[in-house]
Amino acid sequence: MSRGDSFSPRTMTTGRNTLKSGIVDNSFYTSDYQYSQKRNNKDMQDMAYKFMKGMPEFVKIVEVGPRDGLQNEKNIVPTDVKIELIHRLASTGLSVIEATSFVSPKWVPQLADAKDVMQAVHNLRGIRLPVLTPNLKGFEAAVAAGAREVAVFASASESFSKSNINCSIEESLSRYRAVTRAAKELSIPVRGYVSCVVGCPVEGPVPPSKVAYVAKALYDMGCFEISLGDTIGVGTPGTVVPMLLAVMAIVPTEKLAVHFHDTYGQSLPNILVSLQMGISAVDSSVAGLGGCPYAKGASGNVATEDVVYMLNGLGIKTNVDIGKLMSAGDFIGKQLGRPSGSKTAIALNRVTADASKI
Amino acid sequence: MQKIAQRVRFLNPNLLQSQLTSIDTTTRSVQSREITSTRELRNAFDKYKINVLSRYLNWTSGANDNHHAASYVVNRHFRADNNGICTKEFSSKLRKNIPDFVKIVEVGARDGLQNEKAIVPTDVKIELIKLLVSSGLSVVEATSFVSPKWVPQLADAKDVLAAVRDVEGASFPVLTPNLKGFEAAVAAGAKEVAVFPAASESFSKANLNCGIEDNLARCRDIASASRSLTIPVRGYISCVVGCPLEGRIAPVKVAYVAKSLYEMGISEISLGDTIGVGTPGTVIPMLEAVLDVVPIDKLAVHFHDTYGQALSNILISLQMGISTVDSSVSGLGGCPYAKGATGNVATEDVVYMLNGLGVKTNVDLGKLMHAGDFICKHLGRPTGSKAATALNKVTTCNASKL
């Protein structure tokens, strides 16, 4: 096994790089040569076939760092930093970046500059920039600021709904019906979030049927995509699969996205089973921005770099350039004065740092 | 020994040149032939020099990220009718193979502490091991009989083993790099040992100062010496997915080392992703290749969380039926190849996932966290386990309902 410091960093990574043109290249770490030949004539089922066949060819990553991430950061980030972050994320190949949230600054002071941020970025070409809108008033403010896509967020848990948005599930759904009606008139797509799809900090485990009920309600009112959020990160494949089955029974799979939190380190396995079941949209946050509001100091969102690393390894297209993504993560990490929440980013940064010594 | 017919895929190097000019990799043909003895397998392996293989693989990994990787996507070949329906039957297939019980091999006291900068006092190590046993772990790797010149962190191997070897309820394997270490271990009362060849020639030379074959010869010596003493020997294979020097490692190489270990009577073979670069896309072919030549109940997986991929790799291994997982309490032990990056996967996170899957482990997460707290307080740093962090910090009054 390894011997710690006696192994010199010089001999580390880039023996193979001498085959290339001298440019330090860490594509090894970011892509996989992949299983590409099918075995014939085996008694055992073809494993890859069994485990990979349901997986999509392309996964859309919905980047929620500037909204869900920064909203949960202790520090309030200056407007220009937010704008710069969104610009950097836009250059990575991400096609959907949640820009901000038009909730009352009383509740979410971190995003009080929603209007300014939106006005600065709404013209970015080729990128969709959804914003959160809790009610009609927020919707109108969003549209006035230039938003062309919005999102609403219901909870699968009654207690969480009351404590988080001060109204019951039914009330929130009727508010959102008003929003979706108004959005339809303006041809503005609406994304629906369901929170607490596995567990609730107040109620404990949440029955899959409740999640399915809320997801269907959002779908019926016109949401083009429903993102299922494990708000406190307690889900494991054992609880995620029954929940997905219940929802997929009444909402088409291609309308679903998964939004796992990494509070207990379970998000990547949860994403993996979701992919195996055919889900093809995943929410994540650059550098794992955004802690968990219910377990102070614990982590929250899963890091986009880690998700992209896994998807690259699975041979699933994302159109995201992991190097540029890491640079966006570096930028915001420096601004926040703390290290990245992404293990991939940390590892790749160290590897290239040592490799440059050669 | 039975003759085991195996199919081993070899990439045809003659096609290499023509394919360099066309990037249509999906039409790459594959040569396969029957191999009917170990000797043939070994010869076949030698024939394809490491350089050729790794160069070929380096080419296939290429400089263009997602683009080419997508052309390898398995489901391109297999995806028939994607009407988006996921049936209960399919999801239960995913669950069906997952074993009912998973044995966790706790390597924190050895693999973890060996990679820590600080040298931990002997009594702290002993207390840690005792706390780990009390949490229900049945296998706790105690220490390593390598020369203190190489691993000063474990220079007190003899004292640690002497103190814990009689603790009931668990076995305490120790690492032994060669016959000398083995004899020292036995003299100190070891009842189980472990050896550690690598699947990568360069890594083996750089890390252990001998090539794969020499290493396997040493393992054979230890295996025969231990047989007469009825001491089980565990085998670790490092770099089963990627090597810091060679890049990608061909599954057939891992299978070769695994088969050699199996044939010399090794009781369990732990497949280690030493630099943590594996993802399910590379882990599956590697496991497939090894499962071709070694029975599944002899296999364990040892993933590193350097890129955050360990739990998903463990999940996919469980889905393939693997039922032994190595992990380290609190994620002790960084990665020696990317300073500051993480190494071992945290036992608490693994147990959390297994609990969620309904898989028995006999490990009490609370007591495990207590052991983790103990060692982290001593090392003066926070735990590397996200589950432990979260469980320690959950402040809602109804947390017990979760």
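The side chains of B:Arg234 and B:Asp326 meet in a salt bridge with 2.8 Å from N to O, a salt bridge being a side-chain nitrogen of Lys or Arg within 4 Å of a carboxyl oxygen of Asp or Glu. Because B:Arg234 lies in strand E8 (residues 233-237) of chain B and B:Asp326 in strand E13 (residues 324-327) of chain B, the pair ties together parts that are 92 residues apart in sequence; helices (H or I, at least four residues) and strands (E, at least two) are DSSP runs, numbered from the N terminus. Both B:Arg234 and B:Asp326 are buried, where buried means under 20% relative accessible area, exposed over 50%, and partly exposed in between (1.4 Å probe, protein chains only).

This is a predicted model, in which local features need pLDDT of at least 70 and side-chain atom pairs count only at pLDDT 80 or more, while totals for chains, interfaces and linings use all residues; side-chain values use heavy atoms, with hydrogens and water left out. Residues are numbered from 1 along each chain as its sequence is written, and chains are lettered from A and ligands numbered from 1 in the order in which they are written.

Over all chains, a search of the whole structure finds 24 salt bridges. One of them joins A:Lys343 to B:Asp305, with the closest N and O atoms 2.5 Å apart. This pair crosses between chains, since A:Lys343 belongs to helix H14 (residues 343-355) of chain A, whereas B:Asp305 sits in the loop between strand E12 (299-303) and helix H15 (310-319) of chain B. B:Asp305 counts as buried because its relative accessibility is 11%. Within chain B, the side chains of B:Glu201 and B:Lys205 also meet in a salt bridge (3.1 Å, N to O). These two residues are four apart in helix H11 (residues 201-208) of chain B, and are therefore separated by about one helical turn. B:Glu201, at 18% relative accessibility, counts as buried, whereas B:Lys205, at 47%, counts as partly exposed.

In chain A, the residues A:Lys60, A:Arg191, A:Glu225 and A:Asp283 are linked in a network of salt bridges. Strand E5 (residues 150-155) of chain A runs parallel to E6(A) and is joined to it by six bridges, two strands counting as paired if DSSP finds at least two bridges between them; A:Val150 stands opposite A:Val190 in E6(A). E6(A) also pairs in the parallel sense with strand E9 (residues 225-230) of chain A, over four bridges, and there A:Arg191 has A:Glu225 in E9(A) as its bridge partner.

The largest nonpolar core holds 218 residues, of which A:Val194, A:Leu218, A:Leu228, B:Leu261 and B:Leu271 touch the most other members; such a core is a set of buried Ala, Val, Leu, Ile, Met, Phe, Trp, Tyr and Cys residues joined through side-chain atoms within 4.5 Å. A second, separate core of 12 residues includes B:Val105, B:Val107, B:Val151 and B:Cys210. Leaving aside neighbours within four places in sequence, B:Leu271 is in contact (heavy atoms within 4.5 Å) with residues including B:Ile237, B:Val254, B:Met286 and B:Leu299. In chain A, A:Leu244 is placed in helix H10 (residues 237-248) and is buried, with a relative accessible area of 0%. Beyond four places in sequence, A:Leu244 is in contact with A:Leu228, A:Val258, A:Ser274, A:Met277 and A:Ile279.

Chain A as a whole has 14 helices and 11 strands, and 63% of its 358 residues count as buried. Among the contacts in chain A with a separation of 6 or more, 75% come from residues 24 or more positions apart.

The confidence scores bear on how chain B is read. Chain B averages a pLDDT of 80, and 73% of the residues score at least 70, pLDDT being the predictor's confidence in each residue, from 0 to 100. Over residues 1-38 of chain B the pLDDT stays under 50, and the model has 71 contacts beyond four places in sequence for them. The model scores ipTM 0.85 and pTM 0.82.
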